[in-house]
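I opened this notebook to record what I looked up about the strands and their pairing. The entries follow in the order in which I made them.

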Amino acid sequence: MLIEDAIKDQQTVTSEGESTNVLLTGVKKYEVPNIITPNGITTELYRPEWDVGPDQIRHMIHAILRTGAISAWHAHESQIDTIFVINGTIKLVLYDDRADSATRGQINVFHLSRMRPTLITIPPGIWHGLQNLENFESSFINYFNNPYLYSGPDEWRLPSDTDKIPYQFK
């Protein structure tokens, strides 16, 4: 017999390996196939027909998170973020606080790595945070629909331990 108060796991993937996670309104996800070549692995980072990311990429960065680092929370009024992990494992957490959204108040949690390459597009107004889950640096590429405006950044921030978002990084 099982120990009293044990909690049964809920389904998180289908039998085909697809996540059962319901995406927040406007969030897009596309799993990218690795292409095995005679001398290694090639991974396409973006193709317009995938319908993920902005119609025109206007700015792109490569970011490195130190061991265990948390970069949270931030949101944008007009910027669209598209994230692709290229090294390590990163937890990406999204929180929908948009007043007009059908998924307001809901959370998405993604564990992203090179083992299962995935693009995640985050629309304006979605709060997001990242955490490096590795004991070494993890990194990702982030591209945007607008270039960074140095004189007036479209960056809104809350501390990682805020009580205004119903998620705590561990």
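I count two strands as paired if DSSP finds at least two bridges between them. Strands (E, at least two residues) are themselves DSSP runs, numbered from the N terminus.

I noted that this is a predicted model, in which local features need pLDDT of at least 70, side-chain atom pairs count only at pLDDT 80 or more, and totals for chains, interfaces and linings use all residues. Residues are numbered from 1 along each chain as its sequence is written, and side-chain values use heavy atoms, with hydrogens and water left out.

Entry one: the open sheet. I read the order of its five strands as β8-β7-β10-β5-β12, with antiparallel pairing. The edges are β8 (107-113) and β12 (156-157); each has a single partner strand, so one side of each lacks a neighbour in the sheet. I then followed β7 (residues 89-96), which pairs with β8 in the antiparallel sense over seven bridges. Within this pair, L94 stands opposite N108 of β8.

Entry two: strand β9. I found antiparallel pairing of β9 with β1 (residues 28-31) over four bridges, where K28 lies opposite T121. Strand β6 (residues 81-87) also pairs with β9 in the antiparallel sense, over four bridges, and F84 faces L119 there.

I took buried to mean under 20% relative accessible area, exposed over 50%, and partly exposed in between (1.4 Å probe, protein chains only). Which way do the residues of β9 point? T118, I120 and I122 point one way, L119 and T121 the other, and all are buried. In a regular strand, side chains alternate between the two faces of the sheet. Because five of the five residues of β9 (residues 118-122) are buried, I recorded the strand as largely enclosed by the rest of the structure.
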